[in-house]
Amino acid sequence: MVVACAFTHARLTAEAQLPPRDLPGLGALVDSVMRSEMAAGKIPGAAVVVLHRGKVVLERGYGLADLESKRAVDPRTTLWPFASITKVITATAVVQLAARGRLELGADVNRYLQSVHVPESRSGPVTVANLLTHTDALDELPGRQVPSRDKVLPLEQFLRNRLVRIGPAGVVTRYGTYGVALAGVLIQDVSGLRYDQYVDRNIFAPLGMAHTSIEPPLRSDALIATPYSIDDGKVEKTAPEWYHTTPTSSLVSTADDMARFMALHLLTPLSQGTDRVLPRNWVREMARQHATIHPAIPGWGYGWQLGDANGQRVIEHGGDIGGFASLMTLLPDQTFGLIVVNHFEGSSLRFKLKQAILDRYFPEWRPPRFGTSRPKRDLVAYAGTFLANNYCRTCASGASDAQRFEITANDDGSLGLWGENWREIAPLLFSSEDGRRRIGFMRDSSGAIIAISAGSWRVLERSRR
């Protein structure tokens, strides 16, 4: 099968199509990356929007939204599932309620919940903020996915007996589903509206996101991209995925609409009145670090994954769902935003495009930071088996199903992890051999090493077995 890689330009003004002076050649760079990667990976379709200094400087569709009809991708009208990027929408809605005085982020979430209840614990409450920073310590139970739209349960009904606490909240970051899903119930119970109604009336409509909804629109003429997967080099149509936990996974939008949401968080709105959506001080508060494993390692804002790629302050979130992959990356200090979405769950195209743009226009400015060797006896405390920490703790096969990683204390004074050596640059902080990447560890109250992070969701916890 031949996959088309022609692109369609959005209907922009002549001024808006020209990149600012400090982004020369942007269109050529993006076209080059998109065409080569889509051809190499047989990716049917994709859309890209770039914002800079309050302007849409690039908005393009590539390839086909549907292979059978040969419908081209249009960044303004083609609808895509944005999967876990939904979590940032949900976080924005919760922070909006806080900005309007309807709730306090530091309060026990049970103060506001009416339709469900978080179990009490001697370790203390789960706060509203814990839900937005993945520090809620709620177990990641299976069973969220359903075979069809009509099987999706009301959110509160699905969660009612599925809120299982696995430890004290506010300690370890564990990227998961149930905290943000519970935030959706919180929105309902505080506002009196269904989750989808609330975000439509209070976020999508005021921002002019006319094509955006929670779950695809029911009308037959909706221009939804068809989900595809690739197996042994063959592109095949796949079934859409449906989830009970809609506040974590079910955003459907266009690349153009998502630019409007990015603009809100870059404080460069594309429409009037966005301060009514979220005042500027609260936008900044969402982007500030609120939780991490080590203070020198980027962790979580409210809903945002934090990063420091090429020495820039980065807030972002990705999404993966059957047939699709997406990434929303913002550099607030540069008022720069990128949204990219394409076919094939797990596709690396988005990360390659992001890095190509960063390397060209925002190159690494920090000198390498090299670590020093330590006596092996000082490193033994770090060694052992660690697990990717987003697994179900109370499931019979939980730990055995989790990804396992070995950290070794090496004779040359380094730690071994992920096929690389790491050397100490500060207490609990290590650098890769090239001096460009860092990992940070966390101790418990007894001094034992319990967790390690390479940033935001990339967290491992020591195996207890």
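Arginine 423 is buried, with a relative accessible area of 13% (buried means under 20%, exposed over 50%, partly exposed in between, with a 1.4 Å probe and protein chains only). Its side chain meets that of glutamate 433 in a salt bridge, 3.0 Å from N to O. This is a predicted model, in which local features need pLDDT of at least 70, side-chain atom pairs count only at pLDDT 80 or more, and totals for chains, interfaces and linings use all residues. Residues are numbered from 1 along each chain as its sequence is written, and side-chain values use heavy atoms, with hydrogens and water left out.

**Salt bridges**

- The structure holds 23 salt bridges (a side-chain nitrogen of Lys or Arg within 4 Å of a carboxyl oxygen of Asp or Glu).
- Glutamate 433 and arginine 423 form one of them. Glutamate 433 sits in the loop between strand E20 (429-432) and strand E21 (438-443), and arginine 423 in strand E19 (residues 420-426), so the bridge ties together parts 10 residues apart in sequence. Strands are DSSP runs of at least two residues (E), helices of at least four (H or I), numbered from the N terminus.
- Glutamate 433 is partly exposed, at 41% relative accessible area.
- Arginine 313 pairs with aspartate 333, with the closest N and O atoms 2.8 Å apart. The pair links distant parts of the chain, 20 residues apart: arginine 313 is in the loop between strands E12 (305-307) and E13 (314-321), aspartate 333 in the loop between strands E14 (324-331) and E15 (336-343).
- Arginine 313 is partly exposed at 36%, whereas aspartate 333 is exposed at 53%.
- Arginine 437 bridges to aspartate 434, with the closest N and O atoms 3.6 Å apart. Arginine 437 is partly exposed at 34%. Aspartate 434 is partly exposed at 38%.
- Asp308, Glu364, Arg366 and Arg438 are linked in a salt-bridge network.

**Helix packing: H2 and H11**

- The axes of helix H2 (residues 26-41) and helix H11 (residues 349-361) come within 10 Å and cross at roughly 150 degrees. Axes are lines fitted to C-alpha atoms, for helices over the stretch in contact, with angles from 0 to 180 degrees between N-to-C directions.
- H2 and H11 are therefore roughly antiparallel (over 145 degrees; under 35 is roughly parallel, 65 to 115 roughly perpendicular, the rest oblique).
- Leu26, Leu29, Val30, Val33, Met34, Glu37 and Met38 in H2 meet Leu349, Lys352, Leu353, Ala356, Ile357, Arg360 and Tyr361 in H11 (contact means heavy atoms within 4.5 Å).
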